[in-house]
Amino acid sequence: MAFNGYAKFSYVYGKDPDMTPVDTSYIDVVFNYEVTDTILKKSRSLQNVVLIGDSHIKYMSWGVILADSAWSSIPLSERMPETEAVKKRWFQVSSKFKTNSDYIIIDINNKSLYDKKFYSATSYYYEEPLPEFEWRVNDEISDTIIGYPCKTAECFFRGRHWKVWFSEDLPMPYGPWKFHGLPGMILKAEDISGAHKFVAEEIVDNKCQICKYLKEPINYFRTTRERDLVEHEDYAKNAAAIFVQMGMLSNPVDKDGNPLPLPNRRLLYNPLELE
C-alpha cells in the first residue's frame, strides 16, 4: 500500500511508564480538528493523530508525538539525570507544540473503547462498549482528500448529525475520534451545524507503539460517559468557582476584605456528544 506522506517520529519519553505497549501502528493519519463554541463565537484547532494497529486504535495529540520526537533528538547526556533544569528544558521543548493529554483507545478484539480526558486539574476516564454508527452511504465519489478519492456517508450519533468522507483506497474501517464502521478510512468528518470538523492532513508511516493501562491507573478517576458529559460542561461554565473550591485560586475580595462575586468566565466548550 502506498502512502502520500512519509516521516519518522519517535514516541518514547512522553509515555506513562505504567502503560504497557499492546500494539504497533502500521499507519498513522494526522488530522486537523476544529471546534467552535457557538456561545463564545470562538474556535480552536488541534492536530491529532489516529494510530492504527492490528488490534488497537489510538486517537491522541499529534503535538505530544512531535514534542517527544524533538526531545529525543537532544543528546542523552543533556536529558539525564532528571534534574529540575532538565524538567524545565522538557517544558520549554514541549511548549512549542500544541499538546494535550486526552486520548481514546479502541480495543478491536474486545470491541471496547477507553476515553481519557483532562479537565478541572484532574484526569478522568471511562470505558464503554464500542458504539455502533448507523451509516447511510452515498456510493458516488464526491471529493478527493490528500490524494484519495472519497465517498460520503451520514449518520445521527448521540445528538449530532454527521457527514463523513471515506476512501476505499485505504481499506481500514476507522477514522478520527470514535468513528468506525465504513469500508474505508474516514478522512474528513463534520457535523451539520459546522461546530466540529476533522480533516486529514497527511499519512505517516511511523510504526508507533500503542500503549495502554493493563491495570487501574492510580492517578486517574474512573467515571461514566454520562457523568463525564455533565461534569465537563459544569467545569467549562464554572471553572473559576471550581478552582476556588479546590483551593487552587483565592476568592476575590474588595479593599476591605469582603468577598466579591467570582467572574463568570466560560471556557471554550462544545461537546462532540450531546446525549
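Mentor: Let us begin with the term helix, which here is a DSSP run of at least four residues, numbered from the N terminus. By that rule Arg225 is found in helix H3, residues 225–237, and please keep in mind throughout that this is a predicted model.

Trainee: What makes Arg225 count as buried?

Mentor: The cut-off for buried is under 20% relative accessible area, and Arg225 has 11% relative accessibility, so it counts as buried.

Trainee: Which partners does the side chain of Arg225 reach through polar contacts?

Mentor: A polar contact needs N or O atoms within 3.5 Å. The side chain of Arg225 meets the side chain of Glu273 at 3.0 Å and the backbone oxygen of Glu275 at 2.8 Å, so both pairs fall within that limit of 3.5 Å. Setting aside neighbours within four places in sequence, Arg225 is also in contact with Tyr126, Glu128, Arg158 and Lys178.

Trainee: Why is H1 called oblique to H2?

Mentor: Helix H1 (residues 62–72) and helix H2 (residues 84–94) pack at an angle of about 130 degrees, their axes being 9 Å apart. Roughly perpendicular covers 65 to 115 degrees and roughly antiparallel begins over 145, so an angle between these counts as oblique, and that makes H1 oblique to H2. The crossing of the two helices is right-handed, and the residues that meet there include Ala67 and Trp71 in H1, with Val86 and Trp90 in H2.

Trainee: What kind of peptide bond joins Met80 and Pro81?

Mentor: The bond between Met80 and Pro81 is cis, with omega at about -5 degrees, and Pro81 lies in the loop between H1 and H2. It deserves a remark because most peptide bonds are trans.

Trainee: How many residues does the largest nonpolar core have, and which have the most contacts inside it?

Mentor: That core has 39 residues, and those with the most contacts inside it are Trp135, Trp177, Phe179, Met185, Leu187 and Phe198. Among the strands that each supply at least two of its residues are E2 (27–37), E3 (42–52) and E11 (185–191). Apart from it lies another core, of 19 residues, including Ile65 and Tyr114. As for Met185, its contacts beyond four places in sequence include Val29, Phe31, Val50, Ile52 and Trp165.

Trainee: How do you know that Lys207 and Asp205 make a polar contact?

Mentor: Their side chains are joined at 3.1 Å, and the limit is 3.5 Å, so the pair qualifies. Lys207 is found in the loop between strand E12 (196–204) and strand E13 (209–212), and its C-alpha is 9.1 Å from that of Ile52, although the two are 155 residues apart in sequence.

How values were computed:
Residues numbered from 1 in each chain as written. Predicted model: local features only at pLDDT ≥ 70, side-chain atom pairs only at ≥ 80, totals over all residues. Heavy atoms only, no water. Polar contact = N/O pair within 3.5 Å; in protein donor to acceptor, adjacent residues only side chain to side chain. Core = buried A, V, L, I, M, F, W, Y, C linked by side-chain atoms within 4.5 Å. Buried < 20%, exposed > 50% of the residue type's maximum accessible area, 1.4 Å probe, protein only. Contact = heavy atoms within 4.5 Å. Axes fitted to C-alpha atoms, helices over the stretch in contact; angles between N-to-C directions. Parallel < 35°, antiparallel > 145°, perpendicular 65-115°, else oblique. Left-handed = near helix turned anticlockwise from the far one by under 90°.
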